[in-house]
Amino acid sequence: MSNPAKYSLNSKKVAEATEEWLEKRGVTKMEIAELVHFLQKDYFPELTLDECMIHVDAVLSKREVQNAVLTGIQLDMLAEEGKLLPPLQEMIQHDEGLYGCDEILALSIVNVYGSIGFTNFGFIDKVKPGILVRLNSKTEGEIHTFLDDIVGAIAASAASRIAHRKQAEREGVTTPPLD
Ligand SMILES: [Mg+2]
């Protein structure tokens with residue numbers, strides 16, 4: 001009888017893999033910070049890219065976010081390798097408009113950050129600025145059906161985190177809302 005080693009979650013490895021795979025799939029944290037800046041610059045004209053980056057890091061440190069990133073990237077890669085079951089393979093490969101599970105997975109990220117996250121996610125998905133143009137370009141051999149929504153969701157969540165924190169600052173609240 002086999003005696004598999006006891007499984008135990010290694011949170012540090014999950015966090016490291018998240019950053020590693022985002023980079024391997026061609027997404028830098030600065031590009032996500034640029035999306036955050038795009039979403040919030042009209043509300044906070046003094047907002048800097050470095051500040052946006054801090055919020056992107058905070059969002060990426062959450063377990064729900066890491067799980068969604070790794071799951072989405074894995075599905076994109078399996079689709080690139082043609083390893084999914086038909087007709088799921090074809091639907092993900094062609095970014096089928098009526099599929100929708102890519103958006104739902106990304107919503108598990110936005111979920112953590114409340115309604116401002118939701119509205120920003122819908123907005124950025126429509127406008128598709130910056131890095132989202134490249135992820136949606138359907139370059140031969142590349143599939144980012146899940147990753148485009150995930151990147152948009154991370155940016156939308158960081159934007160929501162900024163909005164809540166700025167309001168708390170204005171009110172002099174010492175315990176910041178949303179971690
Ligand atoms: Mg998609």
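Lys-138 sits in the loop between α8 (131–135) and α9 (147–170). Its phi is near 55°, a positive value in a residue other than glycine. The model is predicted. Two further backbone features, at Asp-95 and at the Pro-86 to Pro-87 bond, are listed below.

**Backbone background**
- Most residues other than glycine have a negative phi, and most peptide bonds are trans.

**Positive phi values**
- Lys-138 counts as exposed, because it has 12 C-beta neighbours inside 10 Å and the cut-off for exposed is 12 or fewer.
- Asp-95 also has a positive phi, near 45°, and is not a glycine.
- Asp-95 lies in the loop between α5 and α6 (101–110).
- Asp-95 has 16 other C-beta atoms within 10 Å, so it is partly exposed.

**Cis peptide bond**
- The bond from Pro-86 to Pro-87 is cis, with omega near 0°.
- Pro-87 is placed in the loop between α4 (63–80) and α5 (88–93).

**Overall fold**
- The chain has nine helices and zero strands.
- Along the sequence, the pattern reads α-α-α-α-α-α-α-α-α.
- The radius of gyration is 17 Å, close to the 16 Å that the globule rule gives for 179 residues, so the chain is as compact as a globular protein of that length.
- The C-alpha trace spans about 60 × 45 × 25 Å along its principal axes.

**Packing and contacts**
- Of the 179 residues, 33% count as buried.
- Among contacts with a separation of 6 or more, 75% come from residues 24 or more positions apart.

Technical notes. Residues numbered from 1 in each chain as written. Predicted model: local features only at pLDDT ≥ 70, side-chain atom pairs only at ≥ 80, totals over all residues. Helix = DSSP H or I, 4+ residues; strand = E, 2+ residues; numbered from the N terminus. Buried ≥ 20, exposed ≤ 12 C-beta atoms within 10 Å, placed from the backbone. Rg over C-alpha atoms; globule rule 2.2 N^0.38 Å. Contact = placed C-beta atoms within 7 Å.
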